[in-house]
Amino acid sequence: MLINRPIIFKILTLFLNFLFYKILTDNLAPDLFGKIIYFFSISMSISILSNLGSDTIISKIYLKKFGEDILKGKIYYHQFHFITLIISILVSPIIAIIYGFNNFEDILIITIVSFSLTNAKVFGANFLSIKNYFYYYYYSVFGFLFCIILSIFLFKNLTHILIFSSFLMNFFILLMNFKFKFLNLKNFFKIQNLNIDKFKFTITNTLPFIIILYLAASHELIGHYWLNRNFNYELVGQSVLLHRIASLTVLGLAAMNLVAYSSFNKIDIHYFDKNSLKEYLNILFISLFFSIIVTFFLFLTYKFILIWFNLPLDKNIILSLSVLITGQFIVICFGPVAMAMTQFGNQKSFSIIYVLGCIFNFIILFSYEKINFYYSTDPLIFSSIAYSLTFIFINLIALIYLLISKTKKEDFKIG
């Protein structure tokens, strides 16, 4: 069935994202568009932190035997879901302040949106385990954007748009739950046998996922923060659009990563062996094939795409896009590194690599004035270079670690 082919729904997701961003840029001033997307991006990063790696954890709960998942069978789904929402409420104000928001209204908006996105992501992870990729993508990726689209035709104020979008997202979750019944609302609100020890146990076991996923989402956001802090929201909006265009390059790998959730979980051992490497290379070759096609397509049609998003055809935007596409393609050549690292017990090491990558990104961005003194560089291009170099650095170090530190040499002996 088509519903079980992730590549089809990954393409559909990208098409819908393009369509939604097109509608937003057509109906919003560049500054308002940039501001909405900045709020949304911060809230999305908080939700990624708060959901505690729900994609991996919930898929393991369903695909592994009871008691073999990362929570060792001690935390049930409803308890896990409840914990993620509490974390979202607790961390949202802190992260909002870190990103420069100091008034109550902005902090409250980010908290509400983050709560809604976290709720959607944890709920959506259930669809991954049953291979219903459309609903998985809806609740995890493009659903909230769809709610924003509906909201902009009713409201023109940022606060009203984001609050109403949050209401719609949670309402759609409620409706969908009537059909699939992932959430038993009586159990959800009573949450029996959940205490501080179980809360600590969950955080301790998911901490590597929290670090990895949050920092992965934050690298792009770090650039947006830097652009907003030193320049304006319009540049933030342009950067977001360029990243969305360049993300087409990773179409194949993103779709194949969903396959890897199931295929890697079927491998009984917990280290990267010969069978794991074979599966890894299969995913690499398929994703690389798609990426080569998409890269050629982007370099042939970039002018049309930029016009589609109402972006000016100036050299800085074109060069910035070229840098992002090139960086994404290089990352594709490393294969499903992140998936393999998290699925074979290397979460702690991978989280350390991501922390180093985050520091690397900060060093580059905040060296702009010194570098610009010797060689003048457009800030949009500079942020794209910082982002691309950071992810190349992270994936290269992780791949080296995966192949050298965690591979049993005897599995690769010939004969």
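Phe167 is found in helix 7, which spans residues 158-180. Helices here are DSSP runs of H or I with at least four residues, strands are runs of E with at least two, and both are numbered from the N terminus. The model is predicted: local features need pLDDT of at least 70, side-chain atom pairs count only at pLDDT 80 or more, and totals for chains, interfaces and linings use all residues. Residues are numbered from 1 along each chain as its sequence is written, and side-chain values use heavy atoms, with hydrogens and water left out.

Stay with helix 7. It has 23 residues and reaches 33 Å from its first C-alpha to its last. That is close to the expected 33 Å at 1.5 Å a residue, where the expected span is 1.5 Å times one less than the number of residues. Phe167 belongs to a nonpolar surface patch with Phe171, Leu174, Leu175 and Phe178. Together these residues have about 500 Å² of accessible area, computed by the Shrake-Rupley method with a 1.4 Å probe, and for residues only the protein chains shown count as cover. Patch members have over 30% relative accessible area and no salt bridge; like charges are joined within 9 Å, and nonpolar side chains (Val, Leu, Ile, Met, Phe, Trp, Tyr) within 5 Å. An α-helix has 3.6 residues a turn, so residues three or four places apart point the same way.

Helix 7 also has buried residues, among them Leu158, Ile161, Leu162, Ser165, Leu168, Met169, Ile173 and Met176. Buried means under 20% relative accessible area, exposed means over 50%, and partly exposed lies in between (1.4 Å probe, protein chains only). The buried residues of helix 7 pack against helix 2 (30-50), helix 5 and helix 6 (133-152). Contact here means heavy atoms within 4.5 Å.

Now look at the two ends. At the start of helix 7, a side-chain oxygen of Asn157 reaches to within 2.8 Å of the backbone nitrogen of Thr159. Just after helix 7 comes Lys181, with a positive phi of about 55°. Lys181 sits in the loop between helix 7 and helix 8 (185-190). Lys181 counts as exposed, at 61% relative accessibility. Another positive phi, about 60°, belongs to Asn310, which is not a glycine. Asn310 lies in the loop between helix 12 (274-308) and helix 13 (315-332). Asn310 is partly exposed, with a relative accessible area of 43%.

Turn to helix 5, residues 104-129, which holds Ser114. Ser114 is buried, at 0% relative accessibility. Leaving out residues up to four places away in sequence, Ser114 touches Ser43, Ile46, Ser47, Ser88 and Ser92. Thr84 is in helix 4, residues 77-98. Thr84 is buried as well, at 0% relative accessibility. Beyond its neighbours within four places in sequence, Thr84 contacts Ser50, Asn51, Leu52, Thr118 and Val122. Helix 6 contains Tyr133. Tyr133 is buried too, with a relative accessible area of 4%. Tyr133 and Phe9 are 124 residues apart in sequence, yet 6.3 Å apart in space, C-alpha to C-alpha.

Next come the charged pairs. A search of the whole structure finds two salt bridges. A salt bridge is a side-chain nitrogen of Lys or Arg within 4 Å of a carboxyl oxygen of Asp or Glu. Asp26 pairs with Lys22, and their closest N and O atoms are 3.4 Å apart. Both lie in helix 1 (residues 6-27), four residues apart, about one turn of the helix. Asp26 is partly exposed, with a relative accessible area of 44%. Lys22 is buried, at 17%. Glu220 forms a salt bridge with Arg244, with the closest N and O atoms 3.0 Å apart. This pair links distant parts of the chain: Glu220 is in helix 9 (residues 196-230) and Arg244 in helix 10 (residues 233-246), 24 residues apart. Glu220 counts as buried, at 14% relative accessibility.

Finally, step back to the whole protein. It has 17 helices and zero strands. Buried residues make up 55% of its 415 residues. Among contacts between residues at least 6 apart in sequence, 82% join residues at least 24 apart. The protein exposes about 18900 Å², and carbon and sulfur atoms supply 68% of that area.

How values were computed. A polar contact is a pair of N or O atoms within 3.5 Å; within protein, one must be able to donate a hydrogen and the other to accept it, and residues adjacent in sequence count only if both atoms are side-chain atoms.
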